[in-house]
Amino acid sequence: MIETLRKVLEGTLERLHNHVTTYLPSLLAALTLVLGAYLTAALARWLIYRIFKGLTIDRFLRQSGIAFMVDSSGRLRATRLVAETVYWCILLSGVLVGVNVFGTDLTTQIIQSLMLLVPKLVIAGLILLAGAWLGQYLGRSMLVWAVNENFPSPRRLAAVVRILIMFVAVVVAADQLNFARSVFLAAFIIFVGGAVLAASLAIGLRRGGLRRFLEEKGEQTGESGERSLWSHL
Amino acid sequence: MAEPPLPDDARRAADVIRRADIVIGIPSYNNGRTIGHVVQAAYAGLAKYYPQLTGVVINSDGGSTDNTQDAVLSSRVEDSHLLLFSTPLLAAHRLSFPYHGVPGKGSAFRLIFQMAKRLDAKACAVVDSDLRSITPEWIDLLLRPILFAGHDFVAPYYQRHKYDGTITNSIVYPLTRMLYGVGVRQPIGGEFGISARLISRYLEREDWETDVARYGIDIWMTTIAIAEGFRVCQSFLGAKLHDAKDPGSDLTAMLQQVVGSVFMLMQEYKPIWQNRTGSTPAELFGFRFDVGLDPVNVNVNRMVDAFRRGCQELGEIWAGALEEDTFAAVRRLGGCLSEGTGAFHLDDELWARVVLDFACAYQRHPMSRGMILRSLTPLYLARVASFVRETETLVASEVEAKIEQLCVTFENLKPHLIAEWNADSVRAGSPHPPLERVEPRELSRENLEV
């Protein structure tokens with residue numbers, strides 16, 4: 001009995017020893033790599049902050065409105081953007097290299113999938129950013145136009161434009177990631193079809209608000225043949 | 001960017017005429033009702049005042065669908081009715097072409113200037129095609145300072161109704177005067193005399209395809225003439241009465257194009273305007289007299305409503321364009337409207353700050369310029385409404401004094417504008433040179449006549 005127990009314990013210890021001797025160096029190596037990556041990332045971030053302070057791209061971010069879109073206070077700086085991107089890229093690379101140390105099928109598969117996904121994620125992120133910028137720009141343009149033209153519900157119109165453009169951006173980004181493609185496409189078709197139908201109804205309905213608005217506007221423009229204040233500069 | 005080639009018919013006509021001393025340009029778009037009178041006045045002006053010189057009247061048309069071109073080519077004036085002292089050596093030529101390119105007054109002018117250059121004209125006058133008060137004397141008043149007094153640019157000086165020309169009175173005149181230190185009372189009047197030297201300068205520029213192609217052309221011409229040191233003067237033309245309806249008139253577009261052109265040129269001429277302070281009026285020719293003017297209808301409530309809507313909806317855009325305290329003052333003004341429109345008044349100081357903040361915002365946000373400029377409309381309407389109320393009972397001279405007061409307010413705020421405009425470079429530690437004072441010049445009696 002004691003002999004059997006001793007054999008089991010020895011077997012367990014041997015297996016533990018095997019596991020430790022097999023995985024501990026890899027784990028230590030992985031941890032060292034991740035730590036190294038973290039330190040490199042932090043150093044790179046610090047260097048970028050130091051070197052690229054006051055880069056002209058900061059002005060571009062401010063002037064284009066991207067700074068206000070990402071950070072409502074408008075304090076977003078290109079230096080911060082670049083530094084944070086580099087930091088996270090190095091850190092992620094460190095984690096991937098660290099995981100790769102184990103050399104198992106699972107880790108290899110994870111790394112391969114991530115490596116394929118990262119560029120797509122970056123592109124999808126850029127598409128969403130561009131969509132958000134365009135949506136904001138066109139939404140505001142619509143708002144100003146609607147206010148100047150005395151159009152009813154200018155804010156709603158601006159919101160519709162923003163949502164529509166953002167929705168297009170989401171559909172394109174999802175397509176890029178190969179994520180629920182058909183669902184997004186169907187939703188997009190339904191959404192656009194619905195918007196067109198609503199617009200047609202608004203224009204076509206005899207007693208619709210839009211029709212009344214257009215009639216009123218026409219009356220205002222043609223109001224007597226008198227000389228208008230705005231006829232000349 | 002190379003100058004675009006002349007249209008075939010214009011080139012053929014230039015080959016036939018070969019040379020002309022004077023070119024009179026008339027841009028048009030569906031002005032069949034009034035252009036005949038303008039052509040007659042131009043023709044009579046040439047015959048009466050410049051019989052020894054060869055002249056060409058050119059209509060540059062934007063694709064009119066009425067009888068504009070027929071009216072130009074068929075209008076006649078009998079020399080015997082003009083009581084001429086000397087018979088013209090050659091009758092003035094009369095041409096009418098459609099221009100190509102961006103539709104607008106600027107593109108029409110470009111074709112006229114190209115023709116003037118091609119014909120080697122000594123001077124060119126341009127007049128609007130919807131004028132009802134033009135007389136042959138206008139042609140002389142626009143051309144004589146160039147032909148006989150060495151000036152390069154003659155701006156008009158008219159009597160206008162106190163509510164006519166509100167973009168001029170509330171923005172363009174005070175702003176241009178403050179920036180460049182020269183008081184041209186009607187910088188976007190529409191009638192100008194231009195020397196051959198200045199025409200060449202205009203044609204060599206590369207910004208013809210911007211707002212300059214449309215309503216921005218007038219202020220563009222005036223600003224270049226002043227900023228680049230050409231000799232600028234004004235001629236008193238009397239009353240400006242024009243056709244009731246301008247087919248192209250759309251307040252927001254006009255405001256955007258005119259103000260956008262001023263702001264665009266502010267960037268180019270920054271070293272010039274930042275080194276000038278004070279102002280002096282441009283020399284004024286002609287005999288001044290009082291005239292009766294057409295009434296102008298104003299609907300103040302509609303303008304106040306537009307401002308109210310702007311306050312409710314455009315806060316986010318104004319907040320990005322205006323400085324914090326200016327924006328707060330505008331918000332307070334909007335708040336007054338809830339207590340009734342009685343207390344509502346957009347004063348000179350606040351209005352000048354609004355315009356100058358918009359100029360800085362235009363510079364800061366190049367990608368949103370159009371939107372920023374279009375969002376100025378409700379504020380502009382608020383200013384006009386305030387001005388109308390303030391001057392309701394005033395006569396022309398008192399209104400002129402109010403406009404003068406506004407100009408002085410703009411001039412007092414110039415250091416503030418320079419500081420704001422240079423905010424980036426100031427932060428970077430680059431100092432700007434000391435201001436050069438423009439000494440005010442009194443208008444003497446001699447200046448009134450050529």
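Colleague: At roughly what angle do the axes of helix H11 and helix H16 of chain B cross?

Modeller: Keep in mind that this is a predicted model: local features need pLDDT of at least 70 and side-chain atom pairs count only at pLDDT 80 or more, while totals for chains, interfaces and linings use all residues. Residues are numbered from 1 along each chain as its sequence is written, with chains lettered from A and ligands numbered from 1 in the order in which they are written. Helices (H or I, at least four residues) and strands (E, at least two) are DSSP runs numbered from the N terminus, and axes are lines fitted to C-alpha atoms, for helices over the stretch in contact, with angles from 0 to 180 degrees between N-to-C directions. For H11 (300-313) and H16 (377-390) of chain B, the axes come within 8 Å and cross at roughly 145°.

Colleague: How many nonpolar residues does the contact of H11(B) with H16(B) have?

Modeller: Residues are in contact if their C-beta atoms, placed from the backbone, lie within 7 Å. Among those that meet are B:Phe307 in H11(B) and B:Leu381 in H16(B). Ala, Val, Leu, Ile, Met, Phe, Trp, Tyr, Cys and Pro count as nonpolar, Asp, Glu, Lys and Arg as charged, and the others, Gly among them, as polar. Besides 1 polar and 2 charged residues, the contact has 12 nonpolar.

Colleague: Which residue is the bridge partner of B:Cys124 in S7(B)?

Modeller: S4 (123-126) and S7 of chain B run antiparallel and are joined by 4 bridges. On S7(B), the partner of B:Cys124 is B:Ile194.

Colleague: Are B:Gly193 and B:Ser195 buried or exposed?

Modeller: A residue is buried if 20 or more other C-beta atoms lie within 10 Å of its own, exposed if 12 or fewer, and partly exposed in between, with C-beta atoms placed from the backbone. In a regular strand, side chains alternate between the sheet's two faces. B:Phe192 and B:Ile194 are on one side of S7(B), B:Gly193 and B:Ser195 are on the other, and all are buried.

Conventions. Two strands pair if DSSP finds at least two bridges between them. Two residues are in contact if their C-beta atoms, placed from the backbone, lie within 7 Å.
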